[in-house]
Amino acid sequence: VNFLTIPSDSVTLEVLKEADKFSISPTGEVKTKVKLDHDDAPHNYSVEISISDGATSDTAVVEVQVTDINDNSPVFASSSVTKSVPEDAKVGSNITDVAATDKDSGFNKEIRYSLRGGEGRFFIDPVFGMVSLAAGLDRETTAEYELLVMAEDQGRPARSATATLLLQVTDINDNIPMFSKAEYQLEVLETESVGTSLLTLSAEDPDEAANGRVTYSISQQSPSSEPAVFELEASSGILKLAQPLNYSDVKVFILNVQASDGGTPSLVGNGSVVVKVKDFNNNPPKFSKESYDVVVFENLASGASIITLEVTDIDEVVAVDQATDGLNATAQLNITVLDYNDNTPQFPSIPYPLQFPEGEYSKEKPGEIFTILPTDADIDLNGEVTLMGCCWLLVPWIGRARKSHVVVNIRVASLVEGVAFQSFFYNFSLPENNLTGATVGQVRASSGSNVYEVSYSLKTHTDLFSINSDGAIMTTKELDKEQQEWYILDVEAVDTRTPPTSALALALDPDVGDSSGLVYSLSDSSSFDVEPASGLVYVVSAADLGGKTVPLEVIVEDSASSSDVTIISLNQLANVVESKVPELEESLGKVLGWAVNIIQVWSSVGEETRMLRASVRTMVSFVAHDKGEAISAEEVRKKLQSASNDVKAELVLLFGDGVNFNVETGSPSSTSDQVAVIVLGILLAVTVLGLIVAVVFVV
């Protein structure tokens with residue numbers, strides 16, 4: 001404070017007001033006596049001072065203004081705040097405000113807020129300190145977040161403070177209970193006791209409290225039953241058997257199970273349990289009948305099937321060797337063996353020479369020379385023998401001095417001798433569109449005696465054919481090859497015996513299409529023969545063949561020579577090619593312009609087919625012909641090679657993409673004959689009683 005005094009050495013300066021806070025020096029310097037606080041005390045002071053020289057005095061007022069400095073840090077109401085937030089809170093929603101205060105003024109008291117932590121899921125308003133949600137929450141992933149809230153004033157230097165904000169995420173029922181397995185499987189013996197614990201189901205719900213508390217139940221049982229076969233404890237998830245099991249009734253149960261939580265609304269998880277009932281061998285097998293009666297002929301071949309026994313067992317059947325604890329059943333099988341006429345009559349031993357007494361004999365008064373009683377080991381009619389003589393022995397007088405030698409021819413005939421056809425097979429062919437009444441062919445049968453006559457009748461296709469008394473078969477309608485290529489006829493021949501005997505001619509065509517050109521023969525056999533056209537092997541004499549296995553070599557000859565046979569190979573399975581032989585013939589014929597007949601299909605290893613095989617290379621042999629004339633293989637190969645693209649296109653249509661073919665240059669065989677071996681098992685010597693005759697014709 002500046003002042004003027006005369007003289008200046010006797011002046012006294014004094015603070016009259018606010019003297020507790022201020023002082024003045026003799027030189028007029030005003031000083032503070034205490035620390036002034038802008039935040040807690042007045043911001044302005046009026047300090048009254050006085051000056052005196054002893055005689056006079058004066059007063060003055062010094063106005064003191066206290067200015068603020070940033071000497072206070074922001075202060076939170078609490079250094080630790082805990083709040084809860086539901087996990088389904090929407091992004092942007094306010095959670096809580098965390099405000100701080102600062103005693104300073106001006107910029108020194110202005111506060112800016114910031115957050116640390118929270119994984120970026122929270123936001124704080126920098127001016128007002130309001131904490132809000134910045135991203136979605138999942139309590140099951142993170143149940144709580146600890147954030148650090150910082151409050152910083154705007155002074156220079158700035159002062160700051162921090163507080164801890166603990167946010168606890170509260171649960172909502174947003175998780176469905178999940179079973180430990182989508183499907184449980186178990187096996188249970190059908191003898192298991194009721195009440196047995198079978199399985200413990202387990203489901204988890206990550207929610208807390210009631211929201212995560214799981215109860216169990218069965219929603220459906222398949223097949224259903226009343227009462228239910230199974231029960232499930234609600235709290236423990238233990239599956240128990242509630243009713244007895246029976247493998248024969250139900251082999252598999254499927255249970256739909258549920259796990260429900262205690263939330264509102266409750267959430268439900270689904271699962272399934274497959275219960276397989278294991279069989280226990282508690283039911284014996286059972287025959288369809290208690291007794292079976294079977295009639296068989298004594299000449300039945302070894303290994304032949306005579307009856308099929310039907311046995312059922314409601315238990316599960318498992319094949320084992322020498323079961324020791326298995327159940328069993330019995331049934332009676334009565335087998336009646338019928339006699340077969342397999343023995344020829346036998347003459348008794350006739351003494352030579354025959355001696356008889358002399359005397360006068362005549363037809364009216366014959367004399368007995370010797371009784372001939374033939375025997376037959378067969379029974380009933382098969383064993384009854386009729387003795388027939390072709391001449392009489394007439395000796396008017398026989399004296400002691402004369403001897404007469406007479407040869408008596410005797411023929412033995414079985415009582416069961418009857419009508420028989422003269423040939424085993426008849427093969428006939430007939431052009432289509434012939435007029436009605438055209439002769440197809442003639443069959444012939446003999447009764448074995450001139451005494452008996454034979455008549456013929458058709459048993460099949462009587463609408464198209466007829467047969468006359470001479471065995472001639474004729475058409476009754478015009479025939480069309482496109483409608484039907486071959487026919488099978490049954491022809492019966494009946495004689496006039498009492499009772500009459502008959503023979504059946506079974507009309508069949510074993511050769512379809514152009515296969516009738518095959519000729520069959522046997523290489524060497526005195527006991528068997530083969531029908532040349534059909535290939536039927538039959539017994540000529542079965543003497544001394546009982547119980548033996550006889551191999552026969554059957555030779556099949558075709559009308560085409562080996563030089564006419566062409567071979568191609570395909571990268572297709574043999575059975576696939578085999579199933580499409582007619583289509584393959586048509587496709588090859590379309591490209592070649594000739595008729596094609598496939599002879600054989602076989603795999604590349606060389607075995608004959610007509611059986612299923614897995615192979616990637618199949619051989620096909622065929623013959624091409626034009627108007628009945630065979631085309632040489634060389635000419636066919638040339639045409640196949642020159643038209644290979646067309647052949648490939650046809651094969652793709654038939655077998656699909658990827659098919660390839662090659663024209664093979666080798667010959668099919670060193671000989672044109674095809675040889676098959678037939679093995680016949682002979683159990684007993686065979687005498688043919690009935691004859692089957694095949695009448696075959698091709699339209």
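Hello everyone, let's start with E140, which is partly exposed at a relative accessible area of 24% (buried means under 20%, exposed over 50%, partly exposed in between, with a 1.4 Å probe and protein chains only). This is a predicted model, where local features need pLDDT of at least 70 and side-chain atom pairs count only at pLDDT 80 or more, while totals for chains, interfaces and linings use all residues. Residues are numbered from 1 along each chain as its sequence is written, and side-chain values use heavy atoms, leaving out hydrogens and water.

So who does E140 meet? E140 forms a salt bridge with R139, with the closest N and O atoms 3.3 Å apart (that is, a side-chain nitrogen of Lys or Arg within 4 Å of a carboxyl oxygen of Asp or Glu). R139 is buried, with a relative accessible area of 12%.

How many salt bridges does the structure hold? There are twelve. Another one joins the side chains of E18 and K21 at 3.9 Å, N to O. Both ends are partly exposed: E18 at 23% relative accessibility, and K21 at 22%.

K638 and E634 form one as well, with 3.8 Å between the closest N and O atoms. They sit four residues apart in helix α3 (residues 633-642), so about one helical turn separates them; helices (H or I, at least four residues) and strands (E, at least two) are DSSP runs, numbered from the N terminus. K638 is exposed at 52%, whereas E634 is partly exposed at 48%. Back at E140, salt bridges with shared partners link R139, E140, D171 and E208 into one network.

Now to a sheet. Four strands make an open sheet in the order β16-β23-β22-β19, with mixed pairing (two strands pair if DSSP finds at least two bridges between them). At its edges stand β16 (183-189) and β19 (214-222); each has a single partner strand, so one side of each has no neighbour in the sheet. The partners β19 and β22 (residues 252-261) run antiparallel and are joined by eight bridges. One example is V214, whose bridge partner in β22 is D261.

Is S587 buried or exposed? S587 is buried, at 10% relative accessible area. This residue of helix α2 (residues 581-592) touches E650 and L654, setting aside residues up to four places away in sequence; contact means heavy atoms within 4.5 Å.

D626, in strand β46 (residues 618-626), is partly exposed at 36%. W594 is 32 residues from D626 in sequence, but 5.5 Å away in space, C-alpha to C-alpha.
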